[in-house]
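Colleague: I would like to go through this model and learn how to read its helix packing. Please start with the overall picture.

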Amino acid sequence: MNRLLLAAYPASYRSRQGKELLDCLAEAHPGRSWPPPREIVPLVRGGLEARARAVADDTARPWWLDGIQLAALALAALALVPYLQDVWHWVLHIDPGQQAIAFHFSGWYPWAEGPGTRTRLLPYGLLPLVCLVALLRGRPWIALPTAAAMVYAGATFRSSTLFGHEGKYGLGYYGLGSPITAHDMALPVTLCLACTVLAACRTGRLRRHSYRWLVPVVLAMYVAGSLQLTAVSPLFQRGLFTLEVAAVLNAWAATAATGDRRWLIPVAAVVFIRTRAIVAEPEGLMNSLPDLVVLALLIAPLPALIIAAQRRRDGPLAG
């Protein structure tokens, strides 16, 4: 089981020092398949820092290009979140009945129609899902038209029968955030601009992530679909809150360890989208905390990352 801890380290580290690390663990803790919990945390932290340094030391692409790709990935995931349940039900031909996100029917067929709603051909959530997969694999020529279709879907809200009226509503954030719907243009337009920049670059310069990164996405769809969890469910919101906190902490740790600024870009993109949503529609805030507290919590990670990067860069000079 000690080998599972090696997964936190980059492949280059595992090939060079993986056997030595396993031998040290076996010698320090004979007969145990896992080290004590007090050692697991620093081992995992060391692995994540090694991954961050490997990314920062990679000269195959400029840091800003990698940051834009990360920002596009974050925005695509953010757009997908409210529709996890919808896509899962559509793929498996499940009719959730009254448990649907915010519409009456979640059918597979284009003629499926619920009371008081319009017919739709596809669930909106397919667009950010396809965009997310394309960006993971470093294929911006697929992500760009998909992001453009998201812009079209928002611009033709209530008038297009491709996605119809159904499935176009959904809260995109947990209790600290503001409702983001498919017809809110800021997110898809920003995503489309990021994909345009990526598509203008040579494809070989973009980072290609493994399909294994899709495992959490499929798991989230399964949980949302099987447990009938919508984006407004308190359990769903707490889970998303936990994931976002973990992502920000990882971005801070990577920035503090390397001094590299690429992780500032995705954090800045998400902060912009979320803050703009609250400022534009303050009445949509879910009233979990006062408005000023919410804005402070949303904006605080960005200066924290800037300070961490600057301290890391100034560290050698100070010594």
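Modeller: In this predicted model, 74% of the contacts with a separation of 6 or more join residues 24 or more positions apart. The protein has 13 helices and zero strands. Of its 319 residues, 47% count as buried. The accessible surface comes to about 16,200 Å², and carbon and sulfur atoms hold 65% of that.

Colleague: How are H4 and H11 oriented to each other, and what is the distance between their axes?

Modeller: Two packed helices are described by the angle between their axes and by the distance between those axes. Here H4, residues 63-80, packs on H11, residues 264-280, at about 40°, and the axes are 7 Å apart. Angles under 35 degrees would count as roughly parallel; H4 and H11 are therefore oblique to each other. The crossing of H4 past H11 is right-handed.

Colleague: Is Leu-219 buried or exposed?

Modeller: Exposed means a relative accessible area over 50%. Leu-219 has 52%, so Leu-219 is exposed. Leu-219 lies in helix H9, residues 215-226. Its C-alpha atom is 9.9 Å from that of Leu-84, although 135 residues separate Leu-219 and Leu-84 along the chain.

How values were computed: Residues numbered from 1 in each chain as written. Predicted model: local features only at pLDDT ≥ 70, side-chain atom pairs only at ≥ 80, totals over all residues. Heavy atoms only, no water. Axes fitted to C-alpha atoms, helices over the stretch in contact; angles between N-to-C directions. Helix = DSSP H or I, 4+ residues; strand = E, 2+ residues; numbered from the N terminus. Parallel < 35°, antiparallel > 145°, perpendicular 65-115°, else oblique. Left-handed = near helix turned anticlockwise from the far one by under 90°. Buried < 20%, exposed > 50% of the residue type's maximum accessible area, 1.4 Å probe, protein only. Contact = heavy atoms within 4.5 Å. Areas by Shrake-Rupley, 256 points an atom, 1.4 Å probe, with all protein chains shown as cover.
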